[in-house]
Amino acid sequence: MGDVFLRRLSRWQADQYRDQLADLHVAAYDGAAHGVTARDAAPVRDAAVHDATPVRDGAASAEPHGRGAPVPGPGHGPGHGEPYVEPFHSRSRFRERLAEHSARPGFDLVIADSGGRPVGCAYGYPLPRDSDRWHGFAGPVPGQLAELTAAGRVFAVAELVVTPRERRRGIGRRLHDRLLSGSGAALAVLLLSPADAHATAAEAARRSWGWQPAGRVRLPAAGDVGDALEVFVRPLRR
């Protein structure tokens, strides 16, 4: 294993790396599906995080999107009568999300580079002041979360992944810390599906990285990621 260096990418550079980052995302989730643990993961998952987040050494994210564009044609959906829908963690849907997220004000992306290729990445963006993200929150929205969102001081972690071959080297934690250190926010947030949120490695990483549970929210557009998502927050030093 060679040395791993962290560096920030501009929006233009993120677009240039989109295919490589999509390959990284798919590899990270495929590895998790085949029993790869996430010691270096992050705590997010569009939310997803590992190393433990429910991230894929993670993988993490803070804002699930819709179910994706259906592909017409018989014989794809359940009962062969429904259009096929690309899985949330497919390569094409990640590319779509990255294109959308990178256009947001304050978007920030950090990659871990080894030998000229990305072996991990983390990115996120500030939530807009008029964000309706917390509509559908189960119970009252915690005061700090509501107030800081309205003040434009909340940073959403949308992705944190490390390729399976480079896990257990602390890369996920380095990505996590570097991303949040440059956010300028007072609070970081991430949303996770219940399966990601309660994975043993993810829970251990989240706790050690300072993430705290804040409740659950039901997002109408969460689609195949799940309807009710777990919300985690992490105070940031100012």
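## Exercises on a predicted model

Thr-149 is buried, with a relative accessible area of 3%. The structure is a predicted model, and the exercises below start from this residue.

**Exercise 1.** Determine in which helix Thr-149 lies, and which residues Thr-149 touches beyond four places away in sequence.

*Solution.* Begin with the position: Thr-149 belongs to helix H4, which spans residues 143-150. Next, decide how the relative accessible area is to be read: the value for Thr-149 is 3%, and buried means under 20%, so Thr-149 counts as buried. Finally, list the contacts, leaving out residues up to four places away in sequence: Thr-149 touches Leu-127, Pro-128, Arg-129, Ser-131, Trp-134 and Val-154. Two of these names return below, since Trp-134 takes part in a ring pair and strand S6 covers residues 154-162.

**Exercise 2.** Describe how strand S6 is covered, and how S6 pairs with S5 and with S7.

*Solution.* First consider burial: nine of the nine residues of S6 are buried, and the strand is thus mostly covered. Then take the pairing with strand S5 (residues 117-126), which is antiparallel and runs over seven bridges; within it, Tyr-125 has Ala-156 of S6 as its bridge partner. The pairing of S6 with S7 is parallel instead, over three bridges, and here Phe-155 stands opposite Ala-188 in S7.

**Exercise 3.** Work out which residues of helix H7 are buried, which are exposed, and why the buried ones line one face of the helix.

*Solution.* In H7, residues 200-208, the buried residues are Ala-202, Ala-205 and Arg-206. One of the buried residues, Arg-206, lies over the face of Phe-232, at 4.0 Å from the ring centre. After the helix comes Gly-210, with a positive phi near 90°.

**Exercise 4.** Find how many aromatic pairs the model contains, and classify the pair of Phe-107 and Tyr-123 and the pair of Trp-134 and Phe-137.

*Solution.* The count comes to two aromatic pairs. To describe such a pair, one gives the distance of the centres and the angle of the planes. For Phe-107 and Tyr-123 the centres are 5.4 Å apart and the planes make an angle of 50°, and the pair is tilted. This pair links distant parts of the chain, 16 residues apart, with Phe-107 in the loop between helix H3 (91-102) and strand S4 (108-114), and Tyr-123 in strand S5. Phe-107 is buried at 10% relative accessibility, and Tyr-123 is likewise buried at 1%.

For Trp-134 and Phe-137 the ring centres lie 6.3 Å apart with the planes at 80°; planes over 60 degrees apart count as edge-to-face, so this pair is edge-to-face. Trp-134 counts as buried at 8% relative accessibility, and Phe-137 is buried with a relative accessible area of 11%.

**Exercise 5.** Identify which residue lies over the face of Tyr-125.

*Solution.* The residue is Arg-104, at 4.6 Å from the ring centre of Tyr-125, whose bridge partner in S6 is Ala-156.

How values were computed:
Residues are numbered from 1 along each chain as its sequence is written. This is a predicted model: local features need pLDDT of at least 70, side-chain atom pairs count only at pLDDT 80 or more; totals for chains, interfaces and linings use all residues. Side-chain values use heavy atoms; hydrogens and water are left out. Buried means under 20% relative accessible area, exposed over 50%, partly exposed in between (1.4 Å probe, protein chains only). Helices (H or I, at least four residues) and strands (E, at least two) are DSSP runs, numbered from the N terminus. The arc is that of the directions from the helix axis to the C-beta atoms. Two strands pair if DSSP finds at least two bridges between them. Contact means heavy atoms within 4.5 Å. Rings of Phe, Tyr and Trp (its six-membered ring) pair if their centres lie within 6.5 Å; planes under 30 degrees apart count as stacked, over 60 as edge-to-face and the rest as tilted. A charge sits over a ring if NZ of Lys or CZ of Arg is within 6 Å of the ring centre and within 35 degrees of the ring normal.
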